[in-house]
Amino acid sequence: MDSLNSNSRHGDFKGKHSVEKIGGTSMSDYVAVRDNIVLKPAQKESLYNRVFVVSAYGGITDQLLEHKKTGQPGVYALFANGVNDDSWLDALQSLKDKIFTINAALFETEAELAEANGFILERLEDTQRCLSDLQRLCQHGHFSLDTHLATVREMLASIGEAHSAWNTATLLRRDGVNACFVDLTGWNTNKHISLDERIEMAFGKLDLDSVLPIATGYAHSDRGLMSTFDRGYSEMTFSRIAVLTGAREAVIHKEFHLSSADPRLVGEANAVPIGRTNYDVADQLANLGMEAIHPKAAKGLRKGNIPLRVKNTFEPEHTGTLITSDYVSDEPCVEIIAGCKGIHAIEVFDQNMAGDIAQCDTDIMAIIKRFKGHIVSKDINANTITHFISANLKTVKRIMRTLEERFPEAEVSQQKVTIVSAIGSDMKIPGILAKTVSALADKNISVLALHQSMRQVDMQFVVSEDNYDEAIKSLHRCLVEVHDHGRAICLAS
């Protein structure tokens with residue numbers, strides 16, 4: 001679909017504005033958002049010509065759905081347990097209490113607090129009525145709860161962003177900024193439309209020269225964002241707004257810099273912001289679950305030639321890291337050491353695979369996809385295929401059982417491992433692989449598997465879980481800390 005700005009009616013702000021996403025942890029500190037982001041724009045001459053897309057406050061989406069890391073059930077997960085389980089009601093009450101506590105800390109007068117509570121309470125009560133009615137309906141044999149769960153998940157997800165966006169717009173108006181709440185959730189809509197149509201309807205008449213839109217990170221669409229992007233939905237909303245409105249730059253505000261490694265592991269003094277990189281590196285990070293942006297959201301920005309900047313909310317003067325399509329480091333460069341814990345290596349060994357490995361791999365991948373396991377990497381030889389997947393243990397057991405049924409003569413096994421990776425826009429450095437393996441060996445870290453593609457943008461090392469922290473620190477010392485950082489983290493060729 002053409003950009004909004006292809007229409008001459010909108011051409012006067014084409015390329016002038018930025019679209020900026022604020023993460024959940026940052027959102028939880030309104031003063032920092034106001035003072036460090038809104039009142040300190042990249043374009044110093046104006047507070048406007050920006051669009052903000054906000055996440056829910058930290059922890060709220062976990063309570064609405066399930067905890068992103070631990071899997072602890074929220075309202076959705078408890079509701080999905082079955083039509084005779086009312087534990088979701090307690091979870092919804094806990095969520096309501098948490099939301100009211102957040103509001104009480106933000107709004108100073110009784111009138112302001114009553115208005116804020118009234119807005120979100122209406123949605124929470126609508127949700128409770130809807131879920132109660134659905135639960136009763138599905139107690140009849142002709143109706144299946146499973147057929148409605150995707151819609152329930154979408155509805156619940158929308159509440160968190162509606163809450164934070166409405167609050168932020170209201171608070172900014174109180175503080176003298178002409179902000180407006182842009183509700184993309186489709187809460188009261190009676191028409192199912194595409195994501196692009198919803199965005200065009202919302203932004204088509206806004207004058208970005210004089211108004212600051214605060215848009216919900218969740219956007220309702222006829223296809224459903226959650227079904228495709230799950231918890232990455234807000235990044236897709238952010239990306240499509242940037243593309244459709246012809247933004248000059250997309251910005252993500254996080255509670256940390258996109259750094260050479262986790263400062264908590266390698267030390268604050270040793271980890272440095274990357275400064276510049278490309279979308280290829282961003283894709284590698286996303287594959288490890290440490291995404292700067294969801295790969296499909298990045299695809300739209302890359303195609304639209306829109307640069308992405310990742311900034312630290314709490315260091316507003318820092319320019320952050322700029323991600324573009326065409327950037328390549330001046331010299332071969334290791335830009336970041338990253339890793340992924342909780343990986344399950346699922347190995348299928350079958351001598352019957354020899355000569356038919358491609359079909360076997362296709363069948364295995366179809367099974368993993370059916371159970372929504374995320375494949376981080378894989379190994380293949382003549383008779384063995386190993387997939388390294390990110391999934392909870394319950395999902396892994398289901399995959400294992402199905403693989404054993406599909407390959408009754410094979411030996412199917414699994415073990416829990418971790419992956420550490422060195423990533424850069426250009427890592428064509430003779431001897432780097434040998435140097436890195438040697439650095440790990442010096443710390444008595446056994447490499448269970450390793451991968452380096454011909455494009456040489458990343459190296460992956462599979463090690464035991466116990467070795468994760470030391471492997472990250474070892475790679476960072478070997479590939480980053482021994483070199484002059486400057487504006488980038490480069491290795492002499």
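Which residue follows α12 with a positive phi? It's Gly289, with phi near 80°. The model here is predicted: local features need pLDDT of at least 70, side-chain atom pairs count only at pLDDT 80 or more, and totals for chains, interfaces and linings use all residues. Residues are numbered from 1 along each chain as its sequence is written, and side-chain values use heavy atoms, with hydrogens and water left out.

**View 1. Helix α12 (residues 279-287) is largely enclosed by the rest of the structure.** Helices are DSSP runs of H or I, at least four residues, and strands are runs of E, at least two, numbered from the N terminus. Of the 9 residues in α12, 8 are buried (under 20% relative accessible area, 1.4 Å probe, protein chains only). Among them are Tyr279, Val281 and Leu285. At the helix start, a side-chain oxygen of Asn278 comes to within 3.1 Å of the backbone nitrogen of Asp280.

**View 2. Here's an open sheet of 6 strands.** The order runs β10-β11-β9-β12-β14-β13, with antiparallel pairing (strands pair if DSSP finds at least two bridges between them). β10 (374-380) and β13 (449-452) sit at the edges with a single partner strand each, so one side of each has no neighbour in the sheet.

**View 3. Zooming in on β13 and β14 (residues 458-463), the two strands pair over 4 bridges.** Leu450 has Phe461 in β14 as its bridge partner.

View 4. Tyr30, Leu106 and Thr168 are among the lining residues.

Conventions
Buried < 20%, exposed > 50% of the residue type's maximum accessible area, 1.4 Å probe, protein only. Polar contact = N/O pair within 3.5 Å; in protein donor to acceptor, adjacent residues only side chain to side chain. 1 Å grid on protein atoms, 1.4 Å probe; cavity = no way out; pocket = protein on both sides within 12 Å on 5 of 7 lines; lining within 4 Å.
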